[in-house]
Amino acid sequence: MAFNPHIVVIWATALATLGVYSVLYRENPVSRLCEHIFVGLSLGYLLAITWTENLLPKWWSPIVTDGQWYWIFAPVVGFLFYFIYSRRLSWLARLAMGLFIGTAAGQSFRGLYPLLWPQVTSSFKPLRATPSVAWPNVILHNWLFVIVLLTVLSYFFFSVRPETKPGRVLSRSGSLGRWFLMIAFGAMFGNTVMARLSLFIGRVQFLLHDWIGHYWHWLAQKMM
Amino acid sequence: MGKFDHANWLLTLLFAVMSAAIVASVLLAQRGRSMFVRRIPGLSAMEEAVGRATEMGRPIYFSPGLGSIDITTLQALSILTYLVRFAAQQATRIIVGTADPTLLPVAEESVREAYTSVGRQALYRAEDVRFVSGDQFAYALGSVGIMAREQTATNFYFGAFFAEALILTENGRAFGALQVAGCPDPTQIPFFIATCDYVVIGDEYYAASAYLTREPTLTGSLAGQDAVKALLIALILLGIGTVTVLAGHAQPHWLAKLFTLLGV
Amino acid sequence: MWPLSLPLAALFAPAHGRALVWRIVGGLAASILLLVLANTVLKTRGRRALIVLVTFLGGLFFTLEYFLPVSDRWLWPAHPGSLVLWLGVLVGAALAVAGMVFSTKLWDSLRGKASLALVPIGIAVAIVAYHFARRLPARIPNTEGAPANFLTPWIEPAVIVLMVVGSFTVGLGVHSLVQLHGRTLLRRRAGWFNSLAFFVAMIAMFAFALLDFYTETPPKMPAGVLPFSKAMNEVLFTGIYQPLISATFSLLAFYIASAAYRAFRIRSAEAALMMVAAFLVMLGQVPLGSWLTHGLPQSGPFAFLSFFRLERFGEWIMAWWNAPAQRGILFGVAVGALAMSLRVWLSLERGTFFSQQPEASGEPSSAESAGQP
Amino acid sequence: MSETPSTGFWQRLEQIPRAYIYLLLAVVVIWQLVFPIRFEMSPSPSSKGVYDAIRAAPADKLIILSADWDASTEAETGPQTTAIMRAILSGKKKFAILNLVSPAGVKLADARAVAVAKEYNATRGLDWCNWGYKVGTSNVIIGLTKNIPGTVKSDSAGTPVGKIPMMAQVHDARDIGLVIEISGSAMTEYWIQFFQGVSGTPLANAITAVMAPGYYSYLDSKQLQGMLVGAKGAAELENLEGRPDRAMRIMDVQSWAHLLILLLVVVGNLGYLLSRRGNR
């Protein structure tokens, strides 16, 4: 029963792509079918790779091949989660969740400096000209950077009463910070457009070149 | 690999100071010191958003993002429990779609507990906390399918979102749902702003539960966070001052040593 | 050598054949016994304390590894002092947590205040153990020059353990989806054929992905031809699953266009600012933008005008307006996450998350009466 | 759809239904892919820097292409890699591919190298080779500065370095003329820190547009000789080479699609402003 899947793959790809695109018109029976197939495939694939990439090499092989019998405790902890369906034993599920939640906190503490600190120290920018950097450059770059950073940061103060003196300063610089935030968000929006468009261009290239172009060579040549 | 593989003594000390500020502030608030929380625009609309679903007699969809059990997603669940308690009192259904099987039991447990805490456990339906898909885009399409079939009146998006965010919100908007979104990571905020009615930006996300519940523990924590941010600003200003004074000059020995410790 | 380490080493040594089976059975029996024991002995408060303790220790391990001094001799497990230290830290931590649990639960009562005293006592125990451990002679294993402390070698195994444990929860996801679609299918509710498609897709993908994994391609196949299971996996994965991902991802091109159209209105100053920034950055990215401003001089007295060439101007906005704003957000978020982590780790929150009383056994509530079939 | 029915012309411009916008975009993209209309472009200084760095690299020294990407960023990094390989081979220089990030990316870069090598009649093992994926990031880079054969050991197909003819003269960083880092992740810092900073070997990079803003300061400080930004950078390099190809073509489509979106926004605002005025 061996066969060459190439042509089936091309057609399946084309139909799946068009099926998903039908959602652009509105949510419809075809897109709904695609959605269910998609969810089913993703679950089947998740199950398969859970075995082949995680459990087989990291759990089954150590037990069976290397004789590390103590890995048998891993499923015991894992199956504690399933006690959530039991009324009387659900606290055992919470025990397992507690372990994961605690670890999440620990990981977050570990991530604090690698994430935050380089950004703090690289904000130490000199605010005056030097022989190698002229004033306009310093103002257009470093001054701007520091002002935007501090005003935006001041927007994220929540517990200072606005009628106090620091509160008044914060609410003023904070509203300036909000303007800067909007500029930043606009820039991020604009910066993403190209990447998103290229995804669609890639799909169109497939449809016109590899699918229709497979049968209509004029089009394939036009597309290079 | 990098400079921040492990903390050195100075960074450890700094971490201890930051943590102590937050914990101390929490303990103070728990003892009864009242803490102020300023108005946060996106969050004052939460009850209105739930109310809309109640009025229309339609359910609410809540997406906790793609995260597994991590801090961002735990905060999303914390917001979720608040919403469930509020909606349960008005007998409005909330459907939760998760993208991670490990998160699913945690979400189920917090939702069930939220129902129990307001005495509406009879309203809890196990099938309302669902696993949609572990794949980013299957999750997006699956969630859109839920919104379409259940005709949700309000959609909440709180958690870790990536490229799929715009697929969710643009469709939710097309279905005419009122949408509120919040995400600590800035990359998807522009798209939330473009497509949602209310957006919670950056740290407002972590302030949300304090703002909504006014629980002393949380408002205390918020005040502690502000203190830590003030400390960060002070540090940055100090750093800027130092490099400005020294611009074009050689660093003195002690400063170079300090900067090494700080990982500059 | 630790007095305990010899029998322990023997117990945890690799086992094969019958010895392996017996140890697995023994391990399972021991864990079940332990769980049953915990369930019978522990009542409401004990259970809560245990959950809090497990949460705390889970976080403590990862935190300590990061913050403990690296390459410190007396902290290595091969070293007799480390046993003292381990015990001290464990007992100290347990005392501290117990103190916190009881005190936050019973803040107002006299007993609550008294139990808070356990916190400093716990810390003191740990410190004493630390100093005692320090005095003992040292011998540290080779760490190949990488900065490490005695916990570092355990980080990778711990992460793997968590990954493996987490992998077993995949069944919960399956349960959720199968229940939902199974019900639709069995009761022939509207859209039952979609649920059927879900089942077919799931089972087929799972089966053929596994078959593909365990099948070898015979060497004498014509080019492109694959054995049935591999070919089917190719059709399902490369032909349907991957294209569904790319097609859904590429929907964003349409959505971003329509979002731009509807969001960028000069309704408010904020929206106008967003629009202008987006315009400039968008133009700077494509040849159209370079073409619009290619006339601006790059040398001569008006060379400074080249700053306004759209590709450069767009980059300037990204690097000097967008970057600091994102950094400001990041600082706030990092502090917010730190606070959330602390609250979760120390179980400081009550009621917001599920940290209320777990029900003691034998007191069924009506919570589950709805929903479950 | 929830859009309320509109009345006046301006109001209708303000509320173009989604489906029309989607259709317009699809039409513009398909039309431009089949019948392209080109915008002339002038290369940005950062792209020119990459081109000049490749031309300035001594012909007897090796160029390392650290192609640290995989399918997830191929839309941008793929064309960059092809354009860079062309620029190298057209100048009769040699390159070695390396991947420090993703084992899955090795094959993709290899396929591109094979295609480009065919165009220039270049031979694997003489003009180019693929070192494959190496584990250890910074340790690999540090190793390369001191002992290249010892660090690389074998190529992606498992051939020992000793049996690759072009590697006979390559011992350490002094035999490297240029390093080009191509990725969608922050790998450039490692090369600056552990290679360029140590040996002084010229370094250039090619990165996704999202990553670009972080690297301009390295360009200013000359730690980077040049930088290709996204697909646009690839197109500019193709142009500098005098061979506009796929990347250029995609950039043309991009220009038109961007123009469409900008026009839509303008039209929407016109509708918004003028319908307000009409009401007053």
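## Basis

The model is predicted: local features need pLDDT of at least 70, side-chain atom pairs count only at pLDDT 80 or more, and totals for chains, interfaces and linings use all residues. Residues are numbered from 1 along each chain as its sequence is written, with chains lettered from A and ligands numbered from 1 in the order in which they are written.

## The sheet of chain B

Chain B holds an open sheet of 6 strands in the order 3-2-1-4-5-6, with parallel pairing. Strands (E, at least two residues) and helices (H or I, at least four) are DSSP runs, numbered from the N terminus. Two strands pair if DSSP finds at least two bridges between them. Strand 3 (129–131) and strand 6 (198–201) of chain B stand at the edges with a single partner strand each, so one side of each has no neighbour in the sheet. Neighbouring strands are turned by 15 degrees against each other on average, direction ignored.

Strand 5 (residues 178–183) and strand 6 of chain B pair in the parallel sense over 4 bridges. Val180(B) has Tyr198(B) in strand 6 as its bridge partner. Helix 5 (residues 136–150) of chain B packs on the sheet. Helix 5 touches strand 1 (60–65), strand 2 (94–98) and strand 4 (154–160) of chain B, and its direction makes about 165 degrees with that of strand 2. Angles run from 0 to 180 degrees between N-to-C directions, with axes fitted to C-alpha atoms, for helices over the stretch in contact.

## Helices 8 and 9 of chain B

The axes of helix 8 (residues 204–213) and helix 9 (residues 216–246) of chain B come within 8 Å and cross at roughly 135 degrees. That makes helix 8 of chain B oblique to helix 9 of chain B. Oblique covers what is left after under 35 degrees (roughly parallel), over 145 (roughly antiparallel) and 65 to 115 (roughly perpendicular).

Ala207(B), Ser209(B), Ala210(B) and Thr213(B) of helix 8 meet Leu218(B), Thr219(B), Ser221(B) and Leu222(B) of helix 9. By class, this contact has 4 nonpolar, 4 polar and no charged residues. Ala, Val, Leu, Ile, Met, Phe, Trp, Tyr, Cys and Pro count as nonpolar, Asp, Glu, Lys and Arg as charged, and the others, Gly among them, as polar.

## Chain B against chain C

In all, 66 residues of chain B are in contact with 54 residues of chain C. Contact means C-beta atoms, placed from the backbone, within 7 Å. The chain B side divides into 33 nonpolar, 21 polar and 12 charged residues.

## Chain C

Chain C has 13 helices and 0 strands.

Terms used:
Two residues are in contact if their C-beta atoms, placed from the backbone, lie within 7 Å.
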